[in-house]
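Keep the viewer open as you read.

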2 protein chains.
Amino acid sequence: MVAKVDVIVVGAGLAGLKAAQELEARGRSVIVIEARDRVGGRTMPGMIAGEVIDRGGQWVGPGQQLLLGEAARLGIETYAQYDKGNQVLHYDGTRRTYSGDTPKLPLLSLLELDRVVKRWNREAATLPMDAPWTALKALDWDAQTLESWILRNIRTKGARTFARLVTRAVFCAEPQQISYLFFLEYLRSGHGVEHLIGVKGGAQEAKFRGGAHSISRRLADSLKSPIVLEAPARAIAQTDEGVSVRTDKGTFEASHAIIAVPPALASRIHFDAPLPAKHDGLFQRMPMGSVIKVHVAYAEPFWRKAGLSGQAASDGHAFNVVFDQSPDDERVGILVGFIDGAHAIEMSAMGDNARRQHVIAALVDYFGPKAAEPIDYVDQDWTAEEWSRGCYVGHMAPGVMTLFGDQIREPVGRLHWAGTETATEWAGYMDGALQSGIRAAGEILIRR
Amino acid sequence: MVAKVDVIVVGAGLAGLKAAQELEARGRSVIVIEARDRVGGRTMPGMIAGEVIDRGGQWVGPGQQLLLGEAARLGIETYAQYDKGNQVLHYDGTRRTYSGDTPKLPLLSLLELDRVVKRWNREAATLPMDAPWTALKALDWDAQTLESWILRNIRTKGARTFARLVTRAVFCAEPQQISYLFFLEYLRSGHGVEHLIGVKGGAQEAKFRGGAHSISRRLADSLKSPIVLEAPARAIAQTDEGVSVRTDKGTFEASHAIIAVPPALASRIHFDAPLPAKHDGLFQRMPMGSVIKVHVAYAEPFWRKAGLSGQAASDGHAFNVVFDQSPDDERVGILVGFIDGAHAIEMSAMGDNARRQHVIAALVDYFGPKAAEPIDYVDQDWTAEEWSRGCYVGHMAPGVMTLFGDQIREPVGRLHWAGTETATEWAGYMDGALQSGIRAAGEILIRR
C-alpha cells in the first residue's frame, strides 16, 4: 500500500494520536501507523476480578491541564485516588504506619529531607525551560550521577533511603543511572518532588473513570484518519519532496512525518539519509526505565477497615510502592503497585509464580495476613514490551543532556519528534505526551 | 535468496570474519552478511597523497598475541611506530616539548599522576576477568562517573587535565559519560593506562604494512564462505530448529547465528522472539564513542628534522592527539590524529572546511608554520558512519555494568554475540575483536 498524505504519524500513543487530531482539525490529511495491535502506547487496558484497570499510565494531578482538558473533551470523568487512613512505611526492616504526607522516619532524617527537597526545587527552578543544558551549573550537575550527589550531600540514612526510593518510583531507574542534571530537569518539568510523589495535590491525585487508556481509545476513535495497526515503522526515507515510511503493512508517503515514539524505539528505525550524528548520538543514549506494574485483587479492601489507605512504600521489598485501586463501592478490593529499577530487571527474569510470591509476601508485610489470600493477580512487565523497551520514560545518564540534549526536539528536515520524552512540562507523564503531540503538529502547521 | 547453512555470521568486521574462519576450519558451513559495501567494520582503507592509510583501527602493541598471530598467518608484517625525537604537549595555552614518556607537567601534577595511575592499576587488578560486575567494590565504582572520581581523588590541575585527555583518547568519550567501574575494567582488559596510551611497549607500538585493514581484507579473501555485502540484518527470528536472518539481500537460514556487531547496532535489529528484557536493556545502554580520525600530508616530515617525533597532545585544541604516519623513506610526511569526545560531536556538525581549518591551526601550534601547508587532507568521521554509529567502542555509563553487564556474552538460544565489546582482554581493540570471534565460534562448536 502506498498512500500520499500530508503527514504520517509514527506511533499511536497519546502523543501521536493528539498530533493527528491537531493536524486533522486544521484540514491536514494524516495516516497514523502503529507497531502494536492496539492504540495507546504506554497506556493500556486490563482486567482484574472483573474490574477494568490500567496496565500502564493511570494518574492525573492538578496542573496537568492538557490531560484534564483532553479527558473532559472526550467525556471521561476523573475521581480521587483513595487516600483515607494511614500509610505504611516498611523501612529498615520495620513496618510503621503514619498519617499525612510525612513518612515516619527519624527526626534528623526528616529535617535533612526537608532541606534536600527545598534545595532540589531551588536548583531545578534555575533551569531554562527549553534548554536545561544551558543552565549556569549544567556541566557540573551533568558530570555526576544522582547517587554521587546523594552520597555527597545527604548524611542521614533515612533521607538517603528516601531519595533512592523516590528515584526508583519516579524514574524506574536507580540513582546511579541518572544524571543529576536530568534529575533536576525532571523535577522542574514535574513541578517538584512533592508533587511528583504526592497523592492529594500531587501527580497521583486522581484517576479516570474507565481507565486512562480510554483517553487513548476515545481519541483514536474520534479521528477520521486511518490508524494502521501492526505496522511497525522499519525505515524512513526523506527527500526534498517528502518522506516515505516503510512498515510491515506497506510503505506510506507524505510531506512530513511525526515520530511519536520514545528515543529508544526511534533509535531502531533505519533513516535514509541517516540522522545527523548528534541526533543519533542522543538516540543511543536515552534508555527506558525498568518497571513491572502489578495489580492484586481481594474479596474486599480489608485494609480500609483496618484504617489503612492501601498506600505502602518499602526499602526492603522489590514490590515497593503500592496504592489502593478498589472501586468506590468496595465490591472488590484491589491494590496496585510497582516493582521498579534494579528490582524490575531482576524480577523480569524470574518466573511468573516466583514474582507473584514475592509480591504477596510484601503485601502481607504491609497489610497483614489477609493479604495472603488474593482472588486475582495481574502483572504487566514493561521491560519485556518490545514496543516500549521499558517504562515509564527514557532517562539520561551523566554527560548526555549537556552533550546531546539539544537534539531532543530538533526537527530533521521533514521529520518531527513527539513523545513524552520531548515535553517541556510533565515530561514522562501523559500530559507531556499530549503537549509533545500538539507542539510537533504545530511545527508542521506553521510551515504553510 | 534462502540458504540453509550451519552458521550465519552478522557483520564482516574482524570479529565476524574470525568467527567464520574458525567455524569453516572445523567443517561448518557459514554465510557472512555485512551491511556495508566492504568488509572490515571499524578497520577501513584509505589513501592520502598516494599512500595507503587506515581510516579506522591501526596500531598493535605487545601482548596482542591474537592480532599479531593473525597478521603473521596472513603474511602481513608489522613495523614500529615512529617514536624518535621530542613530544609536543600543548597544555594550559602553552606549547612544551619533552622527551620520553613523562609529559611535561608541573612536578606536583606528575607526582600525583604517578600515584593515581598506580591506584587505577591496583584497583583494576581486583576485577574478576569474566565478571567485573561481581568485584567487591563494583557497586561503589559503578555508582559514579569517572569525572566524579577525578574531582574527588585528583587535586592538581595537571593530573586532572591528563586524566581527562586520556579518557577522551582511549574511550572517545568525556569522563562524565563513563562509569568508573567500566573505566577500570577497560584498563584491566587493556593492561593498564600506560600500556593503553603508550607507543614503545604500549598499544601504539607498531603498525601493519599495507594497513591494519588488510588483515580484514585478507582474512575475508581466505574464507571459502560467501560474504554477502550491502545486506544489513533487519530481523532475526529464532525457533527450536534454527534461526533466520532477514537482510536487504534476502533471508538466510541456519542452525545458529553469531551477531558480530557492536551493541548499539545489534540494538537496531528486530528480534523474534524479542531478546530477554535484560539483554535488550544492555543494548539500550552501550552507546558508541565519538571520534573523527584525521590524516594530513605534507611534502616531507618536516617535524622530524626539527627533532620532533610528530606526537602531540593538547588540552586546548579539538584535534588533540597526533602521531607520525609518514612512510619510512620520507617520500612524504603524514600526520595522523584524532578529534574525540565532545570535540567530535561538535566538529561532526561543522562543515568540512571549518574542520580542516581547525586541524591545520592546531598542527601549526604543535609543529610550527610549515604545518600550514599540507598537500593533502583526509578525515573520517566515525560518528556519521551509519553502520558503526561511532567509534572506537561502546562504553557504559554508571549503573550499566552492575545492572546489565552480565548479558554481554550471554547467548540467547541459538544467538551468540561477538565484537570487541564482548572481549575479556583488549576489549575495544582489534585483538579483542578476534578473541570474541574465536569465543563465539567455540560456543557453537562445543554444542555438537
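A:A273 sits in the loop that runs between β13 (270-272) and α11 of chain A. In this predicted model, the peptide bond joining A:D272 and A:A273 is cis, with omega at about 0 degrees. Chain A has another cis bond to look at, the one from A:C391 to A:Y392, where omega is near -5 degrees. A:Y392 belongs to the loop between β18 (376-381) and α15 (400-404) of chain A.

B:A49 is not a glycine, yet its phi is positive, at about 50 degrees. You will find B:A49 in the loop between β3 (45-48) and β4 (51-54) of chain B. These spots deserve a look because most residues other than glycine have a negative phi, and most peptide bonds are trans.

**Helix pairs**

| Helix pair | Axis distance | Crossing angle |
|---|---|---|
| α3(B) (107-124) and α6(B) (157-171) | within 7 Å | roughly 50 degrees |
| α1(B) (14-25) and α16(B) (430-445) | 7 Å | about 40 degrees |
| α1(A) (14-25) and α9(A) (213-222) | within 10 Å | roughly 30 degrees |

Start with α3(B) and α6(B), whose axes cross at roughly 50 degrees. That angle makes α3(B) oblique to α6(B), and their crossing is right-handed. On the α3(B) side the contact uses B:S109, B:E112, B:L113 and B:V116, which meet B:K157, B:G158, B:A159, B:F162 and B:A163 of α6(B). By class, the residues of this contact between α3(B) and α6(B) are five nonpolar, two polar and two charged.

Next come α1(B) and α16(B), packed at an angle of about 40 degrees. Here too the angle makes the arrangement oblique, α1(B) against α16(B), and α1(B) passes α16(B) in a right-handed crossing. The residues that α1(B) brings to the contact include B:L14, B:A15, B:K18 and B:L23, while α16(B) contributes, among others, B:M430, B:L434, B:I438 and B:I444. The contact of α1(B) with α16(B) divides into 11 nonpolar, three polar and two charged residues.

In chain A, the axes of α1(A) and α9(A) cross at roughly 30 degrees. Is this pair roughly parallel or oblique? The angle makes α1(A) roughly parallel to α9(A), because angles under 35 degrees count that way. α1(A) passes α9(A) in a left-handed crossing. A:L14, A:L17, A:K18 and A:Q21 of α1(A) meet A:I215, A:S216, A:L219, A:A220 and A:S222 of α9(A). Sorted by class, the contact of α1(A) with α9(A) holds five nonpolar residues, three polar and one charged.

**Domains of chain A**

Zooming out, chain A is divided into domain 1 (4-42 + 213-275 + 412-445), domain 2 (78-84 + 202-208 + 289-384) and domain 3 (108-197). The centres of domain 2 and domain 3 of chain A, taken over C-alpha atoms, are separated by 26 Å. Across their contact, 14 residues of domain 2 of chain A meet 13 residues of domain 3 of chain A. Which elements each supply at least two residues of the domain 2 side? They are β16 (319-324), β17 (333-340) and α13 (342-348) of chain A. That side of domain 2 has seven nonpolar, five polar and two charged residues.

**How the chains meet**

The contact between the chains takes 36 residues from chain A and 36 residues from chain B. On the side of chain A that touches chain B, the elements giving two or more residues are α5 (146-153), α11 (277-283) and α13 of chain A. α11(A) provides the largest share of that side, four residues. By class, the chain A side has 14 nonpolar, 12 polar and 10 charged residues.

Finally, the symmetry. Chain A is superposed on chain B by a rotation of 180 degrees with 0.0 Å of shift along its axis, at an RMSD of 0.0 Å. That is the relation of a two-fold axis. Both copies use the same surface, as 100% of the contact residues of chain A recur in chain B. Which residue of chain A comes closest to the rotation axis? A:R268 does, at 2.1 Å (C-alpha).

Technical notes: Residues are numbered from 1 along each chain as its sequence is written. Chains are lettered from A and ligands numbered from 1 in the order in which they are written. This is a predicted model: local features need pLDDT of at least 70, side-chain atom pairs count only at pLDDT 80 or more; totals for chains, interfaces and linings use all residues. Axes are lines fitted to C-alpha atoms, for helices over the stretch in contact, and angles run from 0 to 180 degrees between N-to-C directions. Angles under 35 degrees count as roughly parallel, over 145 as roughly antiparallel, 65 to 115 as roughly perpendicular and the rest as oblique. A crossing is left-handed if the near helix is turned anticlockwise from the far one by less than a right angle, and right-handed if clockwise. Two residues are in contact if their C-beta atoms, placed from the backbone, lie within 7 Å. Ala, Val, Leu, Ile, Met, Phe, Trp, Tyr, Cys and Pro count as nonpolar, Asp, Glu, Lys and Arg as charged, and the others, Gly among them, as polar. Domain bounds come from an automatic or database domain assignment. Copies are superposed by least squares on the C-alpha atoms of residues with pLDDT of at least 70 in both.
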